[in-house]
Amino acid sequence: MISNDQSTRENNTPGRSITLEIDQFGALFQVTYQVSEFPESRLLNTGCTADDLRSLITTLRSVRAKLEDASLVRLSLVSEGAGDVDRSASVKESGVGDESVREVGAAVPLRIAERWHDLARIAVDGLGPREVFLRTGYRPDEVDSMMAVLKSISPR
């Protein structure tokens, strides 16, 4: 799910974010990680570099490290470059008791987020459904759900 929050950034554009269920995030992390198994030349065709991918994976690892008892993952899409974005995840809790929601959040550069679908497509198409399942543990319908989220932020 992609959402626009009500806050505005310095450039006066609404902030955007991706909200994921924990399983969707797991598929997102695993598929994104698999992209690192492909040659850098494949990455360059998407407009991303190996450094961009490493930065993205570092951010996702930070989120994954804080997932215990989390309900949601929210990735804020920010317009700064990859080097300017704080890659560390944060935890936000709201509500009480059974109504409690624990959300893990991090920032992802918009420039990379807009190419994320193309990056993930490298692994999904390059490996095929069976190999993606064997490497990630996620079924094709789970991968498709995650890919739909990425497609929603792609400019194409």
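What follows is a walk through this predicted model, from a pair of packed helices to the strands and a few individual residues. Residues are numbered from 1 along each chain as its sequence is written, and side-chain values use heavy atoms, with hydrogens and water left out. Because the model is predicted, local features need pLDDT of at least 70 and side-chain atom pairs count only at pLDDT 80 or more, while totals for chains, interfaces and linings use all residues.

Let's begin with the helices. Helices (H or I, at least four residues) and strands (E, at least two) are DSSP runs, numbered from the N terminus. Two packed helices are described by the angle between their axes and the distance between the axes. Helix H1 (residues 22–35) packs on helix H5 (residues 116–136) at an angle of about 100°, with the axes 8 Å apart. That makes H1 roughly perpendicular to H5. Here the axes are lines fitted to C-alpha atoms over the stretch in contact, and angles run from 0 to 180 degrees between N-to-C directions; under 35 degrees counts as roughly parallel, over 145 as roughly antiparallel, 65 to 115 as roughly perpendicular and the rest as oblique.

Contact means heavy atoms within 4.5 Å. On the H1 side, the residues that meet H5 include Leu28, Val31 and Thr32, and their partners in H5 include Trp116, Leu119 and Ala123. By class, this contact has 11 nonpolar, 4 polar and 1 charged residues, where Ala, Val, Leu, Ile, Met, Phe, Trp, Tyr, Cys and Pro count as nonpolar, Asp, Glu, Lys and Arg as charged, and the others, Gly among them, as polar.

Leaving aside residues up to four places away in sequence, Trp116 touches Ile18, Leu28, Thr32, Leu56, Leu60, Leu75, Val108 and Leu150. Leu56 is 60 residues from Trp116 along the chain, and their C-alpha atoms are separated by 9.3 Å.

Back in helix H1, Phe29 and Tyr33 are 4 residues apart, which means they are separated by about one helical turn. Their ring centres are 6.3 Å apart and their planes at 20°, so the pair is stacked. (Rings of Phe, Tyr and Trp, using its six-membered ring, pair if their centres lie within 6.5 Å; planes under 30 degrees apart count as stacked, over 60 as edge-to-face and the rest as tilted.) Phe29 is buried at 5% relative accessibility, whereas Tyr33 is partly exposed at 29%.

Now for the strands, which pair if DSSP finds at least two bridges between them. Strand E5 (residues 101–109) has 8 of its 9 residues buried, so it is largely enclosed by the rest of the structure. E5 pairs with E3 in the parallel sense over 7 bridges, and Val73 stands opposite Val104 in E5. With strand E4 (residues 90–94), E5 pairs in the antiparallel sense over 5 bridges, and Glu93 stands opposite Arg102. The hairpin of E4 and E5 has 6 residues between the strands, and there Gly95 takes a positive phi near 80°.

Ser76 lies in strand E3 (residues 72–78) and is partly exposed at 21% relative accessibility. Asp69, in the loop between helix H3 (50–64) and E3, has a phi near 65°, a positive value in a residue other than glycine. Asp69 is exposed, with a relative accessible area of 65%.

Note on methods
Buried means under 20% relative accessible area, exposed over 50%, partly exposed in between (1.4 Å probe, protein chains only).
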